[in-house]
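Colleague: I am new to this model and would like a careful, close look at a single part of it. Please take me through one residue and then its surroundings.

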Amino acid sequence: MQTRDVRLPWWARAAEAQVGHYRVRTDLPAADANALSRHLNIMHDEFSRRLAALPARAPTPMTVMLFAREPDYLETLQIRHNVDAVGSGGMFFVRPSISALAVWVGDLPRRRVLHVLQHEGFHQFAYSRFGTDLPLWVDEGLAELFGQAVVTGREVIIGQASARAVESVKNLIEADAHVPFREMLAMTPQRWSDAVAAGKAAALYHQAWSMVHFLAYGDGGRYAPRFERYLSLLNSGFLSQEAFVRAFETDDLEAFEKRWKQHAMRARPDGFITALHRIEFMAEGALELSREEVAPADSLDGLREALQAHGFVQKLSSHGLDERLWASDAMFTIPWDGNPDFQREPVFVVSPARPFQTTLRERRLAEIRPTPPTIETKWLSPRDLVVRWTRDLDTNTFTYDIEIRPPDR
């Protein structure tokens, strides 16, 4: 895949190729396009494995559009497909002539792009199995479950609970602000859209994730076979509530809701996914300090104090929800899963960067703008994380990637 003349419309200059399960059109550099395409194919295999019992209703072309720039993404979807994508990082859309997954990359953190790719990629896969018959709470709950997954090589780590989602659901239940099970099962797309427009996006998406997580993993996986039966009935054309009653052999949805609440209130955030979110927060903060020409921190305490003094806020936007993360003390800690293979609680470690510089130009650029600190984890299960920095020699600015590596034991 190669980029084309930027003076042409995106559709005319984007390259197209079949990559595994997907027909990919993109203007990204070949290395980036191929990496994202490989990642999506790994997730497709995971979707297929997890939902192996569900036959495809009809062959559906898996069309993907990967955009380098947000303006091209917005313009192409609006003009070519009559889709308003304002405020989104990506989406799966269906039109009479095409159904497609579209994502823009820009300079967003790679983990943010992968989350969108995985979340919307599941919607695309689900459409091939359910058409438009999958209830929104299941569709969005499973999409969030897969969106939070982490790919390491060809292994997919899935089912982890982030601190943000766990605390959000607990707050909903404590405030009696959750949506009753019976209402969730019967919720129409219009009611969902109205709730999102009313500012309830976080509540809906987090509760949908929590309900799916409960059915897939709650009580030691007790409900997983019946949840699979529920999905199979939906795949066969049953309506949501009837399928639920048949699969779980009860119409006492209030009792089921009570068990979900107990599960949600007992839930603890998993260390790995929470550490991944928080190390991205710290990397974004270190990047902001570098732009402001603040000297790099040489310790975790130093980075925390610098970000708090700077008033750093990470702004996140997804599903119509704008979220702000502050440099609270909790953002620099990792919850411990109590994994018996690890005898110490996982921690973040910040230390001065020791970049390998081979040219005089690189050394001079480093004197002007030092490399941000190395940020990593220790004793994190199942993998440790480290932030890798890359200097742009033309602008003397940095980008980063979060590397997943085998942990120290």
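Colleague: Does isoleucine 158 count as buried or exposed?

Modeller: Isoleucine 158 counts as buried because its relative accessibility is 15%, where buried means under 20% relative accessible area, exposed over 50% and partly exposed in between, with a 1.4 Å probe and protein chains only. This is a predicted model, in which local features need pLDDT of at least 70 and side-chain atom pairs count only at pLDDT 80 or more, while totals for chains, interfaces and linings use all residues. Residues are numbered from 1 along each chain as its sequence is written, and side-chain values use heavy atoms, leaving out hydrogens and water. Isoleucine 158 sits in the loop between β7 (155-157) and α6 (163-174); helices (H or I, at least four residues) and strands (E, at least two) are DSSP runs numbered from the N terminus. Not counting residues up to four places away in sequence, isoleucine 158 touches Glu46, Arg50, Leu145, Phe146, Ala149 and Tyr217, contact meaning heavy atoms within 4.5 Å.

Leaving aside neighbours within four places in sequence, the residues in contact with glutamine 148 are His115, Gln118, Ser162, Ile273 and His277.
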